[in-house]
Amino acid sequence: MPNDSITSHSNGTADTLANGHTNGHTNGHTNGNTNGHSNGSSNGTSQVAIDLATRLSVNRSSKAFSSYAVSLVSLPRGTVFAPITGTTAGTKAYTSVQVGRDSHIELNSELVFCNHSCSPSLEFDMARMEVRVARDRDLVEGEALTFWYPSTEWEMAQPFECGCGTERCKGWISGTGQMDEKVARDYWLNDHIEELLKEKIAGQTTVN
Ligand SMILES: [Zn+2]
C-alpha cells in the first residue's frame, strides 16, 4: 500500500467517512502493523475473520462477463461485509481495482464477481481494505453484490455502457476522471478518487 493513501487518510477526510472510521484507521497504523490497512477498522470488525464463502456465492454463466455474486446474508447498511485479503499488485486492467493514485491490485478472490451497479449494494474501501454494505441501504440475502466502479477507478481500462437497469442508471460508465462531476458526487468515493477529483476541479477553476 503506497504511502500516499495513508497520508490522504490522515489529511482529514472524516467528512466522507462514517462515524469512527477515521479513528479506527489511525489505530490500525499506530499499532505498528505493517499491514495496517487490512486491520485498521473502527471497532475491530474487519479484524474478525470473515469467511467469504459464508457471505457470497457466484452465479456462474458460460457467457463472458455474465457471472455475478449474490449475498448469502442480510446485513444493515454501513456494516463490514468482508475484509479484502489475498490481493496482489497489478496493473490497470479489466479485473484490477485501483487502490491509490498510481497503484492497482488484483483481488484474487470471488469479490471479483461483484459487478458494477449505479445503485450499488456495497462499497469497496481500498484504503481500509474492506468491503462494506452501502451506507444508504441495507443488504438483503439473495441480492446481487455490486459497487460503483468509479468509486475506485479514476480511469477505466474498459469504459462501458451500464446495463444495471436501476432507476439511478447513469448510462456510460468510465473512471471518475472522465465522468460528470455531478454524477461523481452522487456516490461515496475512495480517498484517492476524492483527492484526484478535488485536484481536477481546482485545475478547472480559472483565476480572473
Ligand atoms: Zn447503471
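How far apart are the end C-alpha atoms of helix 5, and what span should its 14 residues have? I started my notebook with that one.

**Entry: helix 5**
I looked up helix 5 at residues 191-204. At 1.5 Å a residue, the 14 residues should span 20 Å, and the end C-alpha atoms are 20 Å apart, so expectation and model agree. Next I checked which residues of helix 5 are buried, and I found Asp-191, His-192, Ile-193 and Glu-195.

The protein averages a pLDDT of 82, and 75% of the residues score at least 70. Then I went to residues 1-46, where pLDDT stays under 50. The model still has 64 contacts beyond four places in sequence for that stretch. Where pLDDT is low, the predicted coordinates should not be read in detail.

**Entry: the 3-9-8 sheet**
I traced an open sheet of three strands, and their order is 3-9-8 with antiparallel pairing. Its edge strands are strand 3 (80-83) and strand 8 (122-125), each of which pairs on one side only. On average, neighbouring strands here are turned by 20° against each other, direction ignored. I then zoomed in on strand 3 and strand 9 (residues 130-133), which pair antiparallel over three bridges. Which residue of strand 9 is the bridge partner of Ala-82? I found Val-131 there.

**Entry: strands 4, 5 and 6**
I moved on to strand 6 (residues 103-106), which pairs with strand 4 (residues 88-90) in the antiparallel sense over three bridges. Looking across from Ala-89, I saw Ile-105 of strand 6 standing opposite. Strand 5 (residues 97-100) is also joined to strand 6 by three bridges, and these two run antiparallel. How many residues does the hairpin from strand 5 to strand 6 pass through? I counted two residues in that hairpin. I also looked for the bridge partner of Gly-100 in strand 6, and that turned out to be Ser-103.

**Entry: the Post-SET stretch**
Last, I checked the UniProt record, an unreviewed entry, which places the feature "domain: Post-SET" at residues 158-174. What does the chain look like over residues 158-174, in helix and strand? I got 0% helix and 24% strand. The end C-alpha atoms of residues 158-174 are 8 Å apart.

Terms used
Residues are numbered from 1 along each chain as its sequence is written. This is a predicted model: local features need pLDDT of at least 70, side-chain atom pairs count only at pLDDT 80 or more; totals for chains, interfaces and linings use all residues. Two strands pair if DSSP finds at least two bridges between them. Helices (H or I, at least four residues) and strands (E, at least two) are DSSP runs, numbered from the N terminus. Axes are lines fitted to C-alpha atoms, for helices over the stretch in contact, and angles run from 0 to 180 degrees between N-to-C directions. UniProt positions are given in the numbering used here, feature names are shortened, and annotations may be inferred rather than shown by experiment. The expected span of a helix is 1.5 Å times one less than its number of residues. A residue is buried if 20 or more other C-beta atoms lie within 10 Å of its own, exposed if 12 or fewer, and partly exposed in between; C-beta atoms are placed from the backbone. pLDDT is the predictor's confidence in each residue, from 0 to 100. Two residues are in contact if their C-beta atoms, placed from the backbone, lie within 7 Å.
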